[in-house]
Amino acid sequence: MTATVPSSLREAVGEVDRMQILTWDLAEAPVHREEINVVVLPAWNAPWIKRLDELPRLCALQLGSAGHEHALRFLPPGVDLAPAVGVHNTATAEMALTLMLAAQRDIPDFVRGQAKGTWPAPTLRRSLADRTAVIFGYGSIGRALSARLRACEVDVIAVASAARGGDDYVDQVYAASSLPDLLPRADVVAITAPLTPTTRGTFGAQMLSLLPDDALVVNVGRGPIVDTDALLAECR
(Lines give C-alpha, C1' and ligand atoms only; values in the text may rest on other atoms or scores of the structure.)
Protein backbone atom coordinates (compact mmCIF):
# COMPACT_ATOMS: atom_id res chain seq x y z
CA MET A 1 0.00 0.00 0.00
CA THR A 2 1.10 3.57 -0.69
CA ALA A 3 -0.19 6.52 1.32
CA THR A 4 0.43 10.21 0.83
CA VAL A 5 0.41 12.68 3.71
CA PRO A 6 1.04 16.44 4.03
CA SER A 7 4.66 17.21 4.83
CA SER A 8 3.56 18.74 8.14
CA LEU A 9 2.27 15.32 9.26
CA ARG A 10 5.11 13.13 8.00
CA GLU A 11 7.10 13.02 11.24
CA ALA A 12 4.00 12.34 13.33
CA VAL A 13 2.94 9.44 11.10
CA GLY A 14 6.30 7.68 11.40
CA GLU A 15 6.77 4.34 9.68
CA VAL A 16 3.86 1.98 8.99
CA ASP A 17 4.37 -1.73 8.40
CA ARG A 18 3.98 -2.75 4.74
CA MET A 19 3.11 0.79 3.66
CA GLN A 20 5.10 3.33 1.68
CA ILE A 21 4.55 6.86 2.99
CA LEU A 22 4.92 9.75 0.53
CA THR A 23 4.68 13.46 1.31
CA TRP A 24 3.11 16.15 -0.82
CA ASP A 25 2.67 19.89 -1.04
CA LEU A 26 -0.96 20.76 -0.23
CA ALA A 27 -1.15 23.19 -3.13
CA GLU A 28 0.16 20.76 -5.75
CA ALA A 29 -0.84 17.33 -6.99
CA PRO A 30 0.89 14.49 -5.11
CA VAL A 31 3.66 12.71 -6.93
CA HIS A 32 3.38 9.05 -7.97
CA ARG A 33 -0.37 9.47 -8.34
CA GLU A 34 -0.63 6.13 -10.17
CA GLU A 35 0.55 4.31 -7.02
CA ILE A 36 -1.43 6.07 -4.30
CA ASN A 37 -3.97 3.98 -2.36
CA VAL A 38 -4.58 6.22 0.67
CA VAL A 39 -4.72 10.02 0.99
CA VAL A 40 -4.38 11.68 4.40
CA LEU A 41 -5.60 15.27 4.63
CA PRO A 42 -4.94 17.92 7.29
CA ALA A 43 -7.69 19.35 9.50
CA TRP A 44 -8.52 22.05 6.96
CA ASN A 45 -9.72 21.52 3.40
CA ALA A 46 -6.71 20.94 1.18
CA PRO A 47 -7.19 22.13 -2.42
CA TRP A 48 -6.32 18.68 -3.75
CA ILE A 49 -9.46 17.11 -2.31
CA LYS A 50 -11.23 18.31 -5.47
CA ARG A 51 -8.97 16.12 -7.65
CA LEU A 52 -9.23 12.74 -5.95
CA ASP A 53 -10.67 11.24 -9.11
CA GLU A 54 -7.19 11.62 -10.67
CA LEU A 55 -5.88 8.81 -8.43
CA PRO A 56 -6.81 5.57 -10.21
CA ARG A 57 -5.88 3.25 -7.30
CA LEU A 58 -7.31 5.30 -4.45
CA CYS A 59 -9.22 3.16 -1.95
CA ALA A 60 -9.36 5.32 1.21
CA LEU A 61 -9.43 8.97 2.26
CA GLN A 62 -8.44 9.89 5.82
CA LEU A 63 -9.68 13.32 6.86
CA GLY A 64 -8.02 15.48 9.45
CA SER A 65 -11.37 16.87 10.57
CA ALA A 66 -14.10 15.34 12.70
CA GLY A 67 -16.77 16.52 10.26
CA HIS A 68 -16.99 14.75 6.93
CA GLU A 69 -19.97 16.10 5.00
CA HIS A 70 -17.80 18.57 3.07
CA ALA A 71 -15.78 15.71 1.54
CA LEU A 72 -18.64 13.56 0.29
CA ARG A 73 -19.10 15.35 -3.03
CA PHE A 74 -15.43 14.86 -3.90
CA LEU A 75 -15.26 11.18 -2.96
CA PRO A 76 -14.95 8.84 -5.96
CA PRO A 77 -17.24 5.78 -5.98
CA GLY A 78 -15.96 2.84 -3.96
CA VAL A 79 -13.50 4.89 -1.86
CA ASP A 80 -13.77 4.57 1.93
CA LEU A 81 -13.94 7.76 3.99
CA ALA A 82 -12.62 8.04 7.56
CA PRO A 83 -13.10 11.19 9.68
CA ALA A 84 -10.61 12.01 12.43
CA VAL A 85 -12.60 10.40 15.23
CA GLY A 86 -11.13 11.19 18.63
CA VAL A 87 -8.50 13.62 17.38
CA HIS A 88 -10.42 16.78 18.25
CA ASN A 89 -12.17 15.65 21.44
CA THR A 90 -10.15 17.76 23.85
CA ALA A 91 -9.96 20.91 21.75
CA THR A 92 -13.68 20.92 20.91
CA ALA A 93 -14.77 20.11 24.46
CA GLU A 94 -12.55 22.89 25.81
CA MET A 95 -14.01 25.33 23.29
CA ALA A 96 -17.57 24.40 24.26
CA LEU A 97 -16.81 24.79 27.96
CA THR A 98 -15.10 28.14 27.32
CA LEU A 99 -18.12 29.43 25.41
CA MET A 100 -20.49 28.30 28.16
CA LEU A 101 -18.51 29.95 30.94
CA ALA A 102 -18.02 33.14 28.93
CA ALA A 103 -21.73 33.42 28.22
CA GLN A 104 -22.88 32.52 31.72
CA ARG A 105 -20.42 34.93 33.34
CA ASP A 106 -20.97 37.71 30.73
CA ILE A 107 -17.26 37.77 29.94
CA PRO A 108 -17.81 39.58 26.59
CA ASP A 109 -19.31 42.54 28.51
CA PHE A 110 -16.22 42.75 30.68
CA VAL A 111 -13.91 42.60 27.65
CA ARG A 112 -15.80 45.39 25.90
CA GLY A 113 -15.79 47.42 29.14
CA GLN A 114 -12.06 46.95 29.51
CA ALA A 115 -11.46 48.30 26.01
CA LYS A 116 -13.54 51.38 26.84
CA GLY A 117 -12.04 51.85 30.29
CA THR A 118 -15.39 51.31 32.00
CA TRP A 119 -16.53 48.88 34.67
CA PRO A 120 -20.09 47.49 34.72
CA ALA A 121 -22.17 47.87 37.85
CA PRO A 122 -21.98 44.89 40.21
CA THR A 123 -24.65 42.31 39.49
CA LEU A 124 -25.22 38.61 39.98
CA ARG A 125 -24.16 36.40 37.12
CA ARG A 126 -25.09 32.86 36.30
CA SER A 127 -22.95 29.87 37.13
CA LEU A 128 -22.59 26.51 35.46
CA ALA A 129 -22.73 24.77 38.82
CA ASP A 130 -26.14 23.30 39.64
CA ARG A 131 -27.34 23.82 36.04
CA THR A 132 -28.70 21.19 33.67
CA ALA A 133 -26.98 20.72 30.32
CA VAL A 134 -28.33 18.64 27.44
CA ILE A 135 -25.59 17.33 25.15
CA PHE A 136 -26.98 16.54 21.71
CA GLY A 137 -24.57 14.16 20.00
CA TYR A 138 -23.08 11.89 22.61
CA GLY A 139 -20.08 10.51 20.77
CA SER A 140 -16.44 10.93 21.72
CA ILE A 141 -16.64 14.75 21.75
CA GLY A 142 -19.86 14.67 23.74
CA ARG A 143 -18.28 12.39 26.32
CA ALA A 144 -15.21 14.64 26.58
CA LEU A 145 -17.48 17.61 27.21
CA SER A 146 -19.54 15.65 29.71
CA ALA A 147 -16.41 14.89 31.75
CA ARG A 148 -15.62 18.60 31.96
CA LEU A 149 -19.18 19.61 32.79
CA ARG A 150 -19.41 17.06 35.58
CA ALA A 151 -16.27 18.61 37.09
CA CYS A 152 -18.15 21.94 37.02
CA GLU A 153 -21.01 20.35 39.02
CA VAL A 154 -23.41 20.31 36.07
CA ASP A 155 -26.24 17.80 35.73
CA VAL A 156 -25.62 16.31 32.28
CA ILE A 157 -28.32 14.79 30.08
CA ALA A 158 -26.87 12.90 27.11
CA VAL A 159 -28.75 12.50 23.83
CA ALA A 160 -27.74 10.36 20.84
CA SER A 161 -29.47 8.91 17.80
CA ALA A 162 -30.57 5.89 19.83
CA ALA A 163 -30.99 5.21 23.54
CA ARG A 164 -28.34 3.17 25.32
CA GLY A 165 -26.78 2.62 28.70
CA GLY A 166 -24.74 5.22 30.55
CA ASP A 167 -21.05 5.56 31.31
CA ASP A 168 -18.82 7.20 33.91
CA TYR A 169 -20.50 10.58 33.35
CA VAL A 170 -24.19 9.92 32.70
CA ASP A 171 -26.63 7.32 33.99
CA GLN A 172 -28.16 6.77 30.57
CA VAL A 173 -28.16 8.10 27.03
CA TYR A 174 -31.52 9.21 25.68
CA ALA A 175 -32.71 8.86 22.10
CA ALA A 176 -33.06 11.98 19.97
CA SER A 177 -36.81 11.36 19.94
CA SER A 178 -36.80 12.29 23.65
CA LEU A 179 -35.66 15.87 22.99
CA PRO A 180 -39.15 17.40 23.34
CA ASP A 181 -39.35 16.03 26.88
CA LEU A 182 -35.78 16.99 27.80
CA LEU A 183 -35.37 20.51 26.41
CA PRO A 184 -37.75 22.25 28.87
CA ARG A 185 -35.35 21.14 31.64
CA ALA A 186 -32.23 22.52 29.95
CA ASP A 187 -30.32 25.57 31.12
CA VAL A 188 -27.70 24.84 28.45
CA VAL A 189 -27.83 22.86 25.21
CA ALA A 190 -24.51 21.77 23.73
CA ILE A 191 -24.60 20.51 20.15
CA THR A 192 -21.73 18.15 19.34
CA ALA A 193 -23.45 15.99 16.71
CA PRO A 194 -22.20 15.51 13.15
CA LEU A 195 -24.20 16.94 10.26
CA THR A 196 -26.23 14.19 8.62
CA PRO A 197 -29.58 14.13 6.82
CA THR A 198 -31.10 13.13 10.17
CA THR A 199 -29.52 15.89 12.28
CA ARG A 200 -29.86 18.73 9.76
CA GLY A 201 -32.37 21.26 11.08
CA THR A 202 -33.00 19.34 14.32
CA PHE A 203 -33.17 22.59 16.26
CA GLY A 204 -35.89 24.39 14.39
CA ALA A 205 -38.71 26.58 15.65
CA GLN A 206 -40.50 23.78 17.50
CA MET A 207 -37.44 22.53 19.41
CA LEU A 208 -36.13 26.00 20.22
CA SER A 209 -39.52 27.05 21.55
CA LEU A 210 -39.33 24.27 24.14
CA LEU A 211 -36.25 25.80 25.78
CA PRO A 212 -36.60 28.16 28.76
CA ASP A 213 -36.31 31.77 27.64
CA ASP A 214 -32.92 32.25 29.31
CA ALA A 215 -31.40 28.99 28.05
CA LEU A 216 -28.02 29.00 26.32
CA VAL A 217 -27.36 27.12 23.06
CA VAL A 218 -23.72 26.31 22.25
CA ASN A 219 -23.18 24.75 18.85
CA VAL A 220 -19.71 23.27 18.34
CA GLY A 221 -21.08 20.79 15.82
CA ARG A 222 -22.17 21.92 12.37
CA GLY A 223 -24.15 25.11 11.78
CA PRO A 224 -27.07 23.63 9.80
CA ILE A 225 -28.08 21.43 12.75
CA VAL A 226 -29.71 24.66 13.96
CA ASP A 227 -32.19 26.47 11.70
CA THR A 228 -30.71 29.98 11.56
CA ASP A 229 -33.99 31.77 10.79
CA ALA A 230 -35.76 29.93 13.63
CA LEU A 231 -32.88 30.76 15.99
CA LEU A 232 -33.00 34.46 15.16
CA ALA A 233 -36.77 34.51 15.61
CA GLU A 234 -36.53 32.74 18.97
CA CYS A 235 -33.78 35.08 20.19
CA ARG A 236 -35.92 38.09 19.24
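Predicted model: local features only at pLDDT ≥ 70, side-chain atom pairs only at ≥ 80, totals over all residues.
Ground rules: residues are numbered from 1 along each chain as its sequence is written, and side-chain values use heavy atoms, without hydrogens or water. Local features need pLDDT of at least 70 and side-chain atom pairs pLDDT 80 or more, while totals for chains, interfaces and linings use all residues.

**Exercise 1.** Work out how helix 2 and helix 4 are set against each other.

*Solution.* 
- Start with the geometry: helix 2 (residues 89-104) packs on helix 4 (residues 140-151) at about 50°, axes 8 Å apart. Helices here are DSSP runs of H or I, at least four residues, numbered from the N terminus; axes are lines fitted to C-alpha atoms over the stretch in contact, with angles from 0 to 180 degrees between N-to-C directions.

**Exercise 2.** Describe the largest pocket and say which helix gives the most to its lining.

*Solution.* 
- Get the volume, the space filled by probe spheres set on grid points joined across faces, edges and corners: about 460 Å³. A pocket is an open set of points on a 1 Å grid over the protein atoms alone, where a 1.4 Å probe fits, with protein on both sides within 12 Å along at least five of seven lines; lining residues have an atom within 4 Å of a point.
- Find the middle: of 25 lining residues, Ala66, Gly67, Ile141, Thr192 and Pro194 are closest to the centre.
- Pick the helix: helix 4 gives the most, 4 residues.

Methods. Helix = DSSP H or I, 4+ residues; strand = E, 2+ residues; numbered from the N terminus. Parallel < 35°, antiparallel > 145°, perpendicular 65-115°, else oblique.
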